[in-house]
Amino acid sequence: MKSKRTLSAMAAASLTAISLSVPAAAAAETPDAASYAPVRETAVRLGAQVSWDPEQHSVTVKKEDTTLVLTIGRSTGVLNGKTVPTGGTVRISGQQAMAPAAFLSAALGGTESAAGPSEAADNADLFLHALRAGDGVEAAKVMSPALQQALPVQTLNSLWKNYEGAYGQVSSVSGKQESDNTVHHNEVYTLQTAAVPLQITLRLNTGGLVDDLNIGPVSAGGYQPPAYDHPAAYSEREVKIGEGEWALPGTLTLPAGQGPFPAVVLVHGSGPNDRDTSIGGAKPFRDLAAGLAAKGIAVLRYDKVTFEHTFKIAANPKLTVKEETVDDALSAVKLLTQTPGIDPARVYVAGHSQGGYAMPLIIEADAGRNIAGTILLSGPSSSFIDVAVEQQAELVSRIKQLGQDPAPYEQQAAAWTQAAKLLDDPQYSVSHLPESFPIPPAYWWYDKKDYKPAELAKTQSGPMLILEGENDWQVPMHEFEQWKAALKDRTDVEYKSFPKVNHLLAEYDGLSTGSEYAQPSNVTPEIIDTIASWIGKQK
């Protein structure tokens, strides 16, 4: 089948029209940073509850019969009433309590004891060894039936070579860490290559079989929680979105107090995003959750299907926006309407970038009318290919303004223009796809080639808030103005734009080109204030 299967398996990296050209943060974590982990995030991933005592400067983590107390500045913790060494000093970094990752995982049941590895751990090691050796037959022996279908032996034989061709040969494997979410047991390995460190996450099902995997460069990260993140103002717990093969793990952030609270579902942009929409030094969905929860609004965010089920979903030759975005957003809404402490009549959906592009489709598919209102965060108003071409032209313009060499960007823009011409060719459709389309999978593009969000939104009703950053090159202000023009006859839509704000919803003093994404940033508090105020009026 030539290399089409492999390309299909990489489709999650291809569904990035709005996020293409974003420079990846290539620097590796320092060994010290890699050995530490944020206490709250790690605990939540492992299904534990977290509370902060500001007077004692301590964090209490509770999971079933386990209680762990960690105090800032100490190298010991109290585990079920007994003092135990943590393997390093608990500390504050960027307003987060940090502790040795291995200790946290072991104390909270994220790893096996020293008595020996579990079957799941054995299978993860066996799979990685076989994958690196190009032995698809052996790798398949520890894979789930669903992943075996998505990644046949022939593809497995060459998969690792494709990655090494891009990043260079792997010289070492280290830093294995384990954690559990509501869907998978995850085993993460750090691989040193000639170019950059890679991270491979193996996702194991309840039977201990490798059910999917995610591979990508290790980001230097450097994320710092915003000043408006007050851990005492909210609690978080792990939840599961949907059921069955495509179930997704998520985090429900609940304000302190009894409720019932209004709630917001956060819907990702393009690409295989985690629940925080982690990009470089930013985690905009985490910021939104903390900021809105502090204002009495619950937030549900979840790992995108292309992140949790990367290769399985990419193997679907007829993948559409419905499977990638719409279905899971509605499952999240349904979960909130059934969750104690949430006001089922005040469940809102906020879509970022592609999530905003899909919002009219989400509204159209909301048969039960469970959505009280919608929020678009840098959402395109025109067709996806049109905004992709527009963003490339905007990027070239900005590069020139900065006096930089535009040639590489012009070549990239020309490639997108050529793809747009092919997409507009009337001889091709979902039932007659071109043999070769430069941005696979072709079906995804042709399925919605005539869909324009603003045109569908014209026919709909319901409270809508449209927000845009004036420094956003990926969804330029022209798209924002098109929303206004298209919906001029609707009286239930509000608009606001923010000077300096880029596509990651953060203020940036320079001219945004995406290079700043590698630096730590946070969602501007004005966006959070605007959303909270708007929700407060929808009664």
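The crossing of helices α16 and α17 is left-handed, a term used when the near helix is turned anticlockwise from the far one by less than a right angle, with right-handed used if clockwise. Helix α16 covers residues 384–401 and helix α17 residues 407–424, and the two pack at an angle of about 165° with their axes 9 Å apart. Here axes are lines fitted to C-alpha atoms, for helices over the stretch in contact, and angles run from 0 to 180 degrees between N-to-C directions. The pair is therefore roughly antiparallel, the word for angles over 145 degrees, while under 35 is roughly parallel, 65 to 115 roughly perpendicular and the rest oblique. From α16, the residues making the contact include Ile385, Ala388, Val389 and Gln392, and from α17 they include Tyr409, Ala413, Trp416 and Ala420. Contact means heavy atoms within 4.5 Å.

Before going further, a word on the model: it is predicted, so local features need pLDDT of at least 70 and side-chain atom pairs count only at pLDDT 80 or more, whereas totals for chains, interfaces and linings use all residues. Residues are numbered from 1 along each chain as its sequence is written, and side-chain values use heavy atoms, with hydrogens and water left out.

Let us step back to the whole protein. Its secondary structure comes to 21 helices and 20 strands; these are DSSP runs, numbered from the N terminus, with helices being H or I of at least four residues and strands being E of at least two. Of the 539 residues in the protein, 54% are buried. Buried means under 20% relative accessible area, exposed over 50% and partly exposed in between, with a 1.4 Å probe and protein chains only. Among contacts between residues at least 6 apart in sequence, 67% join residues at least 24 apart.

Now to helix α21, residues 525–537. Its 13 residues should span 18 Å at 1.5 Å a residue, and its end C-alpha atoms are 19 Å apart, which agrees; the expected span is 1.5 Å times one less than the number of residues. Among the buried residues of α21 are Ile527, Ile528, Ile531 and Trp534. The partners against which its buried residues pack include strands β15, β17 and β18 as well as helix α10. Helix α13 (residues 321–337) has 17 residues and reaches 23 Å from first C-alpha to last, close to the 24 Å expected.

Gly77 lies in strand β5 (residues 76–79) and is buried, with a relative accessible area of 3%. Not counting residues up to four places away in sequence, Gly77 touches Val69, Leu70, Lys82, Thr83, Val84 and Thr86. Gly216 sits in strand β12 (residues 210–217) and is also buried, at 15%. With the same exclusion of sequence neighbours up to four places away, Gly216 touches Pro197, Leu198 and Gln199.

Finally, look at the loops. Most residues other than glycine have a negative phi, and most peptide bonds are trans. A cis peptide bond joins Gly259 and Pro260, with omega about 5°, and Pro260 lies in the loop between β14 and β15. Another cis bond joins Pro440 and Pro441, with omega about 0°. Arg369 has a positive phi near 50° and is exposed at 60% relative accessibility. Ser378, in the loop between β18 and α16, also has a positive phi, of about 55°, yet Ser378 is buried with a relative accessible area of 0%.
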